[in-house]
Amino acid sequence: MDINQLTVTGKVMQLTNTGNSNGTKMALGTIGVYRGKNKETDQPEFDNLPFVAYGAVSEYIKQDTKMMLSGKINTYIRQDGSQYGQRVVQMQVLVAYPIATPDKQSIKEHQSTGLDMDSIDKAVDQINVSDNDLPF
């Protein structure tokens with residue numbers, strides 16, 4: 001079991017596709033991860049997490065696309081001329097999946113909760129519980 005594991009969803013921003021000195025393909029960028037709404041302004045807030053991806057994974061990451069990125073946290077010290085350097089924290093992406101966003105008009109929302117009732121109905125229809133599954 002790996003303790004250093006991270007999965008985030010958000011919109012990919014500032015993507016740069018390049019290669020390193022060994023000729024390996026790389027993608028450098030940030031992903032905007034939803035933090036919640038600001039209590040004072042009621043506006044959504046995002047954390048921009050820097051990431052790096054190597055090899056084939058880098059080819060799946062697309063600019064301005066909602067994605068799920070999974071990987072690990074890397075830290076290193078960048079020498080910037082100061083006595084101690086600058087600590088850099090970034091995500092090393094090992095897996096990348098685009099997230100399909102449904103058309104808002106095709107979603108049947110519950111009147112008071114705003115939940116997607118079609119998806120909930122489909123999920124409930126797939127649940128089968130027998131007497132053997134019950135703990136009593």
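How many bridges pair β1 and β2, and in which sense? Seven, and the sense is antiparallel. Strands count as paired if DSSP finds at least two bridges between them.

Before I go on, a word on the model. This is a predicted model: local features need pLDDT of at least 70, side-chain atom pairs count only at pLDDT 80 or more, and totals for chains, interfaces and linings use all residues. Residues are numbered from 1 along each chain as its sequence is written, and side-chain values use heavy atoms, with hydrogens and water left out.

Now the overall layout. The protein has two helices and five strands. Both kinds of element are DSSP runs, numbered from the N terminus: helices are H or I with at least four residues, strands are E with at least two. The order from the N terminus is β-β-β-α-β-β-α.

Some totals. The protein has 136 residues, and 21% of them are buried. Buried means under 20% relative accessible area, exposed means over 50%, and partly exposed lies in between, with a 1.4 Å probe and protein chains only. Next, contacts, meaning heavy atoms within 4.5 Å. Take those with a separation of 6 or more: 48% of them join residues 24 or more positions apart.

Back to β1. In its pairing with β2, M13 has T30 as its bridge partner. The hairpin of these two strands has five residues between them, and G23 takes a positive phi near 90° there. β1 also pairs with β4, residues 66-78, in the antiparallel sense over six bridges. Here T9 has M68 as its bridge partner.

Phi of Q14 is positive, near 50°. Most residues other than glycine have a negative phi. Q14 is exposed, at 57% relative accessible area. D42 also has a positive phi, near 60°. D42 sits in the loop between β2 (25-37) and β3 (44-54).

Next, aromatics. The structure holds one aromatic pair. Y34 and F46 form it, edge-to-face, 5.7 Å centre to centre with 65° between the planes. Rings of Phe, Tyr and Trp (its six-membered ring) pair if their centres lie within 6.5 Å; planes under 30 degrees apart are stacked, over 60 edge-to-face, the rest tilted. Y34 is in β2 and F46 in β3, so the pair ties together parts twelve residues apart in sequence. Y34 is partly exposed at 48%. F46 is partly exposed at 47%.

What about the core? The largest nonpolar core has 15 residues, and those with the most contacts inside it are F51, I61, L69, V93 and A96. β1, β2, β3, β4 and β5 each give two or more residues to this core. A nonpolar core is a set of buried Ala, Val, Leu, Ile, Met, Phe, Trp, Tyr and Cys residues joined through side-chain atoms within 4.5 Å. Leaving out residues up to four places away in sequence, V93 touches F51, V52, A53, V57, I61, L69, S70 and G71.

Last, Q90, in β5 (residues 86-98). Is Q90 buried or exposed? Buried, at 13% relative accessibility. Beyond its neighbours within four places in sequence, Q90 is in contact with P50, V52, K72, I73, N74 and Y76.
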